[in-house]
Amino acid sequence: MSIRSFLTAMLLLIAAPAWAQFDSGSVLGTVRDSSGGVLPGVTVTLRNVDTGISATRTTDERGSYEFPTVRVGTYVVSSELQGFSTREVRNVMLQIGARLRIDIELSVGAVAESVSVT
């Protein structure tokens, strides 16, 4: 075995564990009202169904949010803003390397109202 072949084999062996670390994806989207206007300042929560661990983001001036580097699994995405009905999107399945887009529409309503989408 030549030294070049040996070095190539070693490089591949060292890099293999690094490939296994990319078992994540991202969840992103835009929150709009029922007329199609973007909603800044919406609290968006991403909760892992299996672990119960959650993360929260606030939409920017374009109504956009993103959860980068999320572990694969099943999630619930919920969003809330005062003066609008709370909305949940259930059974969001994130796979390795996916860039999953979940756009949400909030309707005007009482804070106690809740809409659940399955």
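A residue is called buried when its relative accessible area is under 20%, exposed when it is over 50%, and partly exposed in between, with a 1.4 Å probe and protein chains only. The model examined here is predicted, so that local features need pLDDT of at least 70 and side-chain atom pairs count only at pLDDT 80 or more, whereas totals for chains, interfaces and linings use all residues. Residues are numbered from 1 along each chain as its sequence is written, and side-chain values use heavy atoms, with hydrogens and water left out.

Thr69, which is found in strand β4 (residues 64-71), has a phi near 50°, a positive value in a residue other than glycine. Thr69 counts as exposed because its relative accessibility is 65%. Asn91, in strand β6 (residues 86-94), likewise is not a glycine and has a positive phi of about 55°. As background, most residues other than glycine have a negative phi. The strands named here are DSSP runs of E with at least two residues, numbered from the N terminus.

The interior may be described through its nonpolar core, a term for a set of buried Ala, Val, Leu, Ile, Met, Phe, Trp, Tyr and Cys residues joined through side-chain atoms within 4.5 Å. The largest such core has 18 residues, of which Val27, Val31, Tyr65, Val77 and Ile104 touch the most other members. Two or more residues of this core are given by each of the elements β1, β2 (43-48), β4, β5, β6 and β8 (104-106). In soluble globular proteins, nonpolar side chains tend to be buried together. When neighbours within four places in sequence are left aside, Val77 is in contact (heavy atoms within 4.5 Å) with residues including Val27, Val44, Tyr65, Val92 and Ile104.

Ser79, placed in strand β5 (residues 73-80), counts as buried because its relative accessibility is 0%. Apart from residues up to four places away in sequence, Ser79 touches Val42, Thr43, Val44, Ser85, Thr86, Arg87, Ile104 and Leu106. Asp33, in strand β1 (residues 24-33), is buried yet has no salt bridge, and the nearest side chain of opposite charge, that of Arg32, is 7.5 Å away; in this count Lys and Arg are positive and Asp and Glu negative, while His and the chain ends are not counted. With residues up to four places away in sequence not counted, Asp33 touches Leu39, Phe84, Glu105 and Leu106.

The structure holds six salt bridges, each a side-chain nitrogen of Lys or Arg within 4 Å of a carboxyl oxygen of Asp or Glu. Among them, Glu88 pairs with Arg90, with the closest N and O atoms 2.7 Å apart, and Arg90 counts as partly exposed at 35% relative accessibility. Asp60 is bridged to Arg62 at 3.1 Å between the closest N and O atoms; Asp60 is partly exposed at 23%, whereas Arg62 is exposed at 52%. Arg101 and Asp103 form another bridge, with their closest N and O atoms 3.2 Å apart, and are partly exposed, Arg101 at 47% and Asp103 at 46%. Finally, salt bridges that share partners join Asp60, Glu61 and Arg62 into one network.

Technical notes. Helix = DSSP H or I, 4+ residues; strand = E, 2+ residues; numbered from the N terminus.
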